[in-house]
Amino acid sequence: MQISATTVIGAGGTGQFLIPGLMRMLTYHDSGTTNVSVYDGDEFEEHNGARQINTSGTKASCMNALLKQQMLPAVCRDSYMSKTKLESIRRRNPEGTLLVIAAVDNDATRKMCIDVLSDIPGDFLFVTPGNSTADDPDAAIKGNVLWFGRVGGQEIGIRPDLLFPNIETPQDGIPKKGSCMEHAPSSPQLIAANALAAAYTITIVQNFLDDRMPMQASHLFYNGRSMTLTAN
């Protein structure tokens, strides 16, 4: 499956593991693309040092510095994703398949992506990983990766908002610069959970590029405590 453009939303706990490897794969795979952009308007918090790449500064600028160290282009923008931006990205890339990855813990952003991609014509693959918080030690390395899309005009997978009520009716809002949400503390997570979420997201994209996507499946669940992986 040929990907013509890629948009990643989120450069935090999962994004820091996801973005460098994803960019290499997209650059060197015959079905990949160098047309990659990342959006994150957050700033690092002091406690983020336990599992993220910095404790201060914007996530976009810190991720760009990391990418440059690895001889990769700086593609991160210090900006939150919005409906208007995603609609513009979709319309600027009408040919090929648009890959959108929402590496966020924000259900309103997930719902917005699902609605925009579903409503505007064109092929796409939407992937969104999520993992549990560290509050529950038994579940702290547990999470899922959801995906759905449109290929050749045919839908693959199942819309995540049809499966998960928290995405269908979000209890949060899409973050904006200057809003109180911008300064809301992030949920504590474990670095192992973030790494697994990123790894399985890259695996799904790899299968898509290799034309080996499990078309009837739509999500997988992983549990690092019990060392189990289930796809549905």
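**View 1. Strand E2 and its pairing with strand E1.** Thr7 is the residue that stands opposite Ser37 in E2. The model shown here and in the other views is predicted. Strands E1 (residues 3-9) and E2 are paired in the parallel sense, with four bridges. E2 spans residues 36-39 and is covered on both faces. Val36 and Val38 lie on one side, Ser37 and Tyr39 on the other, and all four are buried.

View 2. Gln16 belongs to H1, which runs over residues 15-28. The relative accessible area of Gln16 is 8%, under the 20% limit, so the residue counts as buried. Leaving aside residues up to four places away in sequence, Gln16 touches Ala11, Arg51, Gln52, Ile53 and Met63. Asn194 is 178 residues from Gln16 in sequence, and their C-alpha atoms are 8.8 Å apart.

**View 3. Packing of helices H1 and H7.** The axes of H1 and H7 (residues 191-209) come within 9 Å and cross at roughly 20°. This angle is under 35 degrees, and the two helices are therefore roughly parallel to each other. Their crossing is right-handed. H1 contributes Phe17, Leu18, Gly21, Leu22, Met25 and Leu26 to the contact. On the H7 side, the contact is made by Ile191, Asn194, Ala195, Ala198, Thr201, Ile202, Val205, Gln206 and Leu209. Sorted by class, the contact of H1 with H7 comprises eleven nonpolar and four polar residues, with no charged residues.

Methods: Residues are numbered from 1 along each chain as its sequence is written. This is a predicted model: local features need pLDDT of at least 70, side-chain atom pairs count only at pLDDT 80 or more; totals for chains, interfaces and linings use all residues. Side-chain values use heavy atoms; hydrogens and water are left out. Buried means under 20% relative accessible area, exposed over 50%, partly exposed in between (1.4 Å probe, protein chains only). Contact means heavy atoms within 4.5 Å. Axes are lines fitted to C-alpha atoms, for helices over the stretch in contact, and angles run from 0 to 180 degrees between N-to-C directions. Angles under 35 degrees count as roughly parallel, over 145 as roughly antiparallel, 65 to 115 as roughly perpendicular and the rest as oblique. A crossing is left-handed if the near helix is turned anticlockwise from the far one by less than a right angle, and right-handed if clockwise. Ala, Val, Leu, Ile, Met, Phe, Trp, Tyr, Cys and Pro count as nonpolar, Asp, Glu, Lys and Arg as charged, and the others, Gly among them, as polar. Two strands pair if DSSP finds at least two bridges between them.
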